[in-house]
Structures are given as structure tokens and as C-alpha cells.
There are 2 protein chains.
Amino acid sequence: MSDETTEELMGATYRALCKHGYASLRMQDIADESTKSKAALHYHYESKHDLLLAFLEHLYEQFETEISEDCGGDPETQLLTFVEERLTPREEGQKEFQTAILEIKAQAPYDEAYRERLAGFDGLVFDRLRSLLQAGIDRGVVEEDVDPEDTAAFLAEHINGAQLRNVTVGAPLAEARQRLRAYLRREVLVGSGAENGGG
Amino acid sequence: MSDETTEELMGATYRALCKHGYASLRMQDIADESTKSKAALHYHYESKHDLLLAFLEHLYEQFETEISEDCGGDPETQLLTFVEERLTPREEGQKEFQTAILEIKAQAPYDEAYRERLAGFDGLVFDRLRSLLQAGIDRGVVEEDVDPEDTAAFLAEHINGAQLRNVTVGAPLAEARQRLRAYLRREVLVGSGAENGGG
DNA sequence: CCTACCTGACTGGCCAGTCAGTTAAATACG
DNA sequence: CGTATTTAACTGACTGGCCAGTCAGGTAGG
């Protein structure tokens, strides 16, 4: 299959997921977002499941590239930016897409292949957080008693939770972002936290 | 419909959800867990969706009762217990059930009725956390600069995230529990946190 | 004329929901 | 009291729509 075709089908899958979500996604929906027919999808991919796995793989590679790009500024800014970026919808349809991904996450326990791909994403986020925290400690902008491993996991959890709570009950992401920023400044970053005001 | 029948069908729905999850739950699966036939379910409930809503309602009432029961001990213990209880599978099949609920949460954006029920659960947890924090402040076991509203939301988010990350990528709940406990002791509770050890 | 790519039409399985009864218990009636 | 009638609670068999996946071709480039 040509790179062009791959790219088109991955794009169509993205758009279809945004429009319809995962649970009610039909092969026809993906075909409708592309210039190809439903049968063409089955020509290129063995099954719907197979296509979705390829899509996750594709997404992983995109994310991997993207995540290593935005390396501008000091660790403090980078950490704040990275964390808040996870909680800020950027493009059109980003929110719908997050929801679709959440649906896939909820399927992970029933599907090892999904689980593996999703573990990849989580690992990327976790590693990034950990290395930013470590860099922060090395340069003295992150508190010395912060354990990068623990804190990275804590942050990864919290980002997940904020997204989930936003999707589930409509809790505003902006507020979750503020709370997490406050946490970072108070607990993690040097020079703006609790040690300033004792009470 | 008799209370007995209601109870049986709600129980059957619970067991079926544990066994099959939400996405691949069939009316037949629920019937199989009860002494009734599939047609009987349709006799009592207008549709599958209707039955599931009734189930969520039932669950809400159970949870509401349960949550107001465990009112033993000081606010500190209660807070720690409550938070950690959310991150500790109790009964058989609790984990599977949490997964099924997560699947429903992921459907909330497409289904207002689900969203309302789930907002109810979230509200129950949030209110409990907030009042425990307030009680803690009043009795001097929770730091005075803690905002009960913000911290309750932060905790609710974090609990959601820990569960999600556990289900999605198999991150151990026990570790998430420890991290959250550490957070509470360090940031929220008086007398065991950062102010003890400066370096 | 062969291969890669693609299509419209079709098929088979799945499953929510329906329907035409059946049973048993309650209620009315002589 | 015994018998007729109604009603609630069911059941097994069926139906109709949906959709992933198939297939018998078609077309264009090498």
C-alpha cells in the first residue's frame, strides 16, 4: 500500500472516530471519510480490529515525534507546558477524539493488543514526565525530595483522571488544569510553593 | 414488579456486567444470570437502555446508603479510609465491575441519561470528600490553607485517574494508593507532612 | 496479460425487540 | 362453596435490521 493511501485511511479513521466515537464506529463510516470504498479497507487490512491497531500504531509514532519536538526552555516551563498541554484541547474535534480514545482504553482489559498500544502511550508520557522532573532536580528548579518516578506516576494518573472526569460528568478541564498547576507550584517546583508562606 | 424480582434482575445485571463487560453485554447474558427469560426482561423494562438506567439508579441508591454508613473515627482516619477504599477492590469481581463502569463512563458523552446518573455518583464522592476535608479543618487535622472544594475535586480526579490507569495499562492500584496516601499526608493532613523535615 | 488496487452487491451471523400463546393467582359471580 | 373471568408474569419461537467480511468481477499501469 502506498504511503499516500495509508495516510488517507489513517486520516479517515481519525475523522470517523471523532464523528461517531469508537463504540458505534462502522467500517462504512471510515470509508465515508475517505475517497475509498468499505471493501477497499478490507483489501488493505485483514479486519476492523487490524485497522484500528494500525491506527493506534500510527498515532503512537506521531505522538512520539511530537513529544520529542517541543524541547524549548527550562525544565520548569517545559514541565508546566507538557502537563497543561495534556489538559488543553488544541485542534478541532480534539475533545471528541479524546473521548474515542477513552472508549478504547475501556476496552483494553478485553483486548491485549489494545492494552499493549495504550501502554506505549502511557510509557511515553511517563518517561517524559520523569525525565523532565529529573532535569528539574538537576538544575535545582524541582524540589530535591521529589521522587521523579513516583511523581511522574502521580501526574500521569492525575492527567488521566482529569480527562476522564471531564468526559464523564462534564467537569471543566480548565479548572482541573488550574488545580494541577497549583499542585506543581506548591509541591514540585522550587521557589513558588508552601515554603514561602508558613501561615 | 415485585421488589424480589427487581432485586434479582439487578443482581443478574451486576453479574452479567462483571462477566461480559458493558460493550458486549447481551440481554441474554443478563437473563442467563437470573431465573427469568430474555423476554421477561423486555416485559419489565422497555428496552436494554432502560434496564441499564434502572441498574445505575439502583446502584446509586446502594452507594448513597453505603457512603453515609462508614462514619467511624476522626476525620483524618475517615478521609484516608474513604480515599483508599475507592482504590481497593473489595468483593469478588469488583475489578471487572469497575471496568464495566468505566465503559459506561466512556459512553456518557453520547448519552445524557448515563451522564446524569454518573454525575450523581461523582457528586456523592465529591460531597463526601469536601465535607470530610471541612470537618478536618474545623478540628485542626487538615491544613488550614487547604480549600475543601479544590482539594475534593483534585482527589476525585486523582481517584478516577488511578482507576483508569489501572484498567488501561495495568498500573498496580496498590502503588497508586500509596502515592495518594503520601500526597494526603504531605499536603493535606496536619502533623505528618513537609513541615517536619526541611532537608 | 498480469498484478495491484479497487468496487457494488451480496451473505451470514448476531441480537434487541415482538408476539402469540401459557400458567397461576386474584377477583367476580351465581 | 365452586366456577368463570380477568390480569400479571412469564416463555419459546420468531423477525427485522445492522454490519463485518466476502466475492466476482472491473480498470489502469507495467
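The structure is a predicted model. Chain A is divided into domain 1, covering residues 1-55, and domain 2, covering residues 70-188, and the centres of these two domains, taken over C-alpha atoms, are separated by 28 Å. DNA strand C is surrounded by 16 residues, and the closest of these include residues of chain A, such as A:K36, and residues of chain B, such as B:K38.

**Where the two domains of chain A meet**

- Ten residues from domain 1 of chain A and 14 residues from domain 2 of chain A take part in the contact between them.
- About 1000 Å² is buried between domain 1 of chain A and domain 2 of chain A, and carbon and sulfur atoms give 66% of that area.
- Of the area that domain 1 of chain A buries against domain 2 of chain A, 54% is supplied by A:Y14, A:Y22 and A:L53, which is more than any other three residues supply.
- Across the interface of these two domains of chain A there are zero salt bridges, whereas four residue pairs are found in polar contact, with both residues of each pair at pLDDT 80 or more.

**The side that domain 1 presents to domain 2**

- Helix 1 (3-20) and helix 4 (48-69) of chain A are the elements that give two or more residues to the side of domain 1 of chain A that touches domain 2 of chain A.
- Helix 4 of chain A provides the largest share of this side, namely four residues.
- Sorted by class, this side of domain 1 of chain A holds eight nonpolar residues and two polar residues, with no charged residues.

**The surroundings of DNA strand C**

- The closest of the residues around DNA strand C are A:K36, A:S37 and A:H44 from chain A, together with B:K38 and B:K48 from chain B.
- Helix 3 (38-44) of chain A and helix 3 (38-44) of chain B each supply at least two residues of the surface near DNA strand C, and helix 3 of chain A gives the most, with four residues.
- By class, the surface near DNA strand C is made up of seven nonpolar, five polar and four charged residues.

**Contacts with the DNA backbone**

- Sugar or phosphate accounts for 60% of the atoms of DNA strand C within 4 Å of the protein, while the rest belong to bases.
- In chain B, a backbone N or O atom of B:M27 lies 3.0 Å from a phosphate oxygen of DNA strand C.

Terms used. Residues numbered from 1 in each chain as written. Chains lettered and ligands numbered in written order. Predicted model: local features only at pLDDT ≥ 70, side-chain atom pairs only at ≥ 80, totals over all residues. Heavy atoms only, no water. Domains from an automatic or database assignment. Contact = heavy atoms within 4.5 Å. Buried area = accessible area lost by both parts, 1.4 Å probe. Salt bridge = Lys/Arg side-chain N within 4 Å of Asp/Glu carboxyl O. Polar contact = N/O pair within 3.5 Å; in protein donor to acceptor, adjacent residues only side chain to side chain. Nonpolar A, V, L, I, M, F, W, Y, C, P; charged D, E, K, R; others polar. Near = heavy atom within 4 Å.
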